[in-house]
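Please look through this model with me. My notes follow as numbered points.

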Amino acid sequence: MGRGLITGAIWGAVISGAALSVASLLGTQPAGNRPPVAPQVEAPVGAEAADPAAAPAQPVAETPAEEAPAVPRAPAVTPPGVPDGRAPMADTN
């Protein structure tokens, strides 16, 4: 039974491929014979980027480390029932 199913699937693929090839060759061609339009590689007028030489960069004020806000630490997460917040050891047996 499996052999017939596989044989039928293969013949179905062959017949379908042949029918699609014939239909493609007999079908009408797309309109026009111009190649596709080349991609736009230049920006349109009015979309110029700001000239970095025209406006010099302003220096940024530095904040001393003593005045910087402290970064909070993430809380330690352990499973319930573990004493002193220590994680259980893995079984290596």
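1. The protein chain has one helix and zero strands. Keep in mind that this is a predicted model.

2. Helix 1 covers residues 2–26, which makes 25 residues. From its first C-alpha to its last, helix 1 reaches 36 Å. That is close to the 36 Å expected at 1.5 Å a residue.

3. Is helix 1 buried or in the open? Of its 25 residues, the number buried is zero, so helix 1 lies largely in the open. A residue counts as buried under 20% relative accessible area.

4. The protein chain as a whole has 93 residues, and 0% of them count as buried. Its accessible surface comes to about 9600 Å². Carbon and sulfur atoms account for 63% of that surface.

5. Look next for a nonpolar patch on the surface. Ile6, Ile10, Trp11, Val14 and Ile15 form it. Together they have about 540 Å² of accessible area. An α-helix has 3.6 residues a turn, so residues three or four places apart point the same way.

6. Take Ile6 from that patch. Ile6 sits in helix 1. Why does Ile6 count as exposed? Its relative accessibility is 53%, and the cut-off for exposed is over 50%.

Definitions and conventions
Residues are numbered from 1 along each chain as its sequence is written. This is a predicted model: local features need pLDDT of at least 70, side-chain atom pairs count only at pLDDT 80 or more; totals for chains, interfaces and linings use all residues. Side-chain values use heavy atoms; hydrogens and water are left out. Helices (H or I, at least four residues) and strands (E, at least two) are DSSP runs, numbered from the N terminus. The expected span of a helix is 1.5 Å times one less than its number of residues. Buried means under 20% relative accessible area, exposed over 50%, partly exposed in between (1.4 Å probe, protein chains only). Patches are made of residues with over 30% relative accessible area and no salt bridge: like charges are joined within 9 Å, nonpolar side chains (Val, Leu, Ile, Met, Phe, Trp, Tyr) within 5 Å. Accessible areas come from the Shrake-Rupley method with a 1.4 Å probe; for residues, only the protein chains shown count as cover. A salt bridge is a side-chain nitrogen of Lys or Arg within 4 Å of a carboxyl oxygen of Asp or Glu.
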